[in-house]
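Good morning, and thank you for coming. Please look at the sequence and the structure, and I shall then go through their features in turn.

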Amino acid sequence: MHESPYLKDSEKLIQKLRQIPALTPFDDKTLKGLLELSKIRQYEPNETILQEGSFDSWIYFLVSGKVRVSKYGEKLTVLKRTGDIFGEMGVIDGAPRSASVQALEKTVCLATDASYIDRLSGNDRLAFCYILFRVFCEVLAERLRLTSEELVRVREELGHLKAKGAASRS
């Protein structure tokens with residue numbers, strides 16, 4: 001992994017952040033604050049970004065590349081859209097990482113250290129937390145919707161297999 005120092009306020013970087021869909025609700029002041037909590041991390045193919053079971057406070061926004069999310073070694077999904085977020089669940093509940101994430105190709109992420117949010121004060125902290133957790137809710141709602149659809153599909157397949165097995169035994 002190659003990592004930048006913590007980022008500084010830059011109009012060019014602010015405009016790049018505006019291209020990440022999850023960050024569009026943020027105003028310039030909040031994006032500047034986000035930059036101060038963030039680093040650019042670059043990963044090579046097959047490099048592990050997050051290890052299932054580990055603890056840390058980093059949230060990742062995919063800038064470019066492609067990553068595989070897996071649990072117990074089984075692929076759950078592949079993220080490849082600019083702005084895809086991963087690592088948020090451990091930040092929300094403080095539990096160990098629930099899945100591993102591995103770069104499938106050269107990958108660039110905006111990595112934000114959520115533990116620094118505690119250093120913000122007053123309205124800045126409240127506003128930042130509100131927007132960030134709203135983004136988390138949108139991401140988790142989308143993932144829950146996809147998981148529910150997959151569960152329904154698998155149940156239908158199992159029902160067909162059971163019916164087929166019962167018919168062959170008769």
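I begin with a definition: a salt bridge is a side-chain nitrogen of Lys or Arg within 4 Å of a carboxyl oxygen of Asp or Glu. Before I apply the term, please note that this is a predicted model, in which local features need pLDDT of at least 70 and side-chain atom pairs count only at pLDDT 80 or more, while totals for chains, interfaces and linings use all residues. Residues are numbered from 1 along each chain as its sequence is written, and side-chain values use heavy atoms, with hydrogens and water left out.

In general, side chains of opposite charge can pair when their charged atoms come close. How many salt bridges does the rule give here? The count comes to ten.

Let us take Arg18 and Asp28, which form a salt bridge with their closest N and O atoms 2.6 Å apart. This pair links distant parts of the chain: Arg18 is in the loop between helix H1 (11-17) and helix H2 (28-36), while Asp28 is in helix H2, ten residues apart from Arg18. The names H and E come from DSSP runs, numbered from the N terminus: helices are H or I with at least four residues, and strands are E with at least two.

Asp28, at 33% relative accessibility, counts as partly exposed.

A salt bridge also joins Glu52 and Lys71, where the closest N and O atoms are 3.7 Å apart. Here, too, distant parts of the chain are linked: Glu52 is in the loop between strand E3 (48-50) and E4, and Lys71 is in strand E5 (residues 67-71), 19 residues apart. Glu52 is partly exposed at 22% relative accessibility, and Lys71 is partly exposed at 29%.

The next pair lies within a helix. Arg153 and Glu150 form a salt bridge with the closest N and O atoms 3.9 Å apart. Because they are three residues apart in helix H4, they are separated by about one helical turn. Arg153 is partly exposed at 39%, and Glu150 is partly exposed at 45%. Elsewhere, Glu3, Lys39 and Arg41 are linked in a network of salt bridges.

We remain with helix H4, residues 122-169, which contains Leu161. Together with Val154 and Leu158, Leu161 makes a nonpolar surface patch of about 260 Å². Patches are made of residues with over 30% relative accessible area and no salt bridge; like charges are joined within 9 Å, and nonpolar side chains (Val, Leu, Ile, Met, Phe, Trp, Tyr) within 5 Å. The areas come from the Shrake-Rupley method with a 1.4 Å probe, and for residues only the protein chains shown count as cover. Leu161 itself is exposed, at a relative accessible area of 57%.

I turn now to the sheets. Two strands pair if DSSP finds at least two bridges between them. Five strands form an open sheet in the order E1-E2-E9-E4-E7, with antiparallel pairing. Its edge strands are E1 (2-3) and E7 (85-86), each of which pairs on one side only. Strand E4 (residues 58-64) pairs with E7 over two bridges in the antiparallel sense, and Tyr60 has Phe86 in E7 as its bridge partner.

Another open sheet has four strands in the order E3-E8-E5-E6, and the pairing is antiparallel. Its edges are E3 and strand E6 (74-79), each pairing on one side only. E5 and E6 pair over five bridges, and the bridge partner of Ser70 in E6 is Lys75.

Which residue in the loop between E5 and E6 deserves attention? Tyr72 is placed there, and its phi is near 50°, a positive value in a residue other than glycine. Most residues other than glycine have a negative phi. Tyr72 is exposed, at 69% relative accessibility. Asn46 likewise has a positive phi, of about 75°; it lies in the loop between strand E2 (38-43) and E3 and is exposed at 55%.

Finally, a disulfide is a pair of cysteine sulfur atoms within 2.5 Å, and a search of the whole structure finds zero of them. Cys109 is buried, at 0%, whereas Cys137 is exposed, at 52%.

Terms used: Buried < 20%, exposed > 50% of the residue type's maximum accessible area, 1.4 Å probe, protein only.
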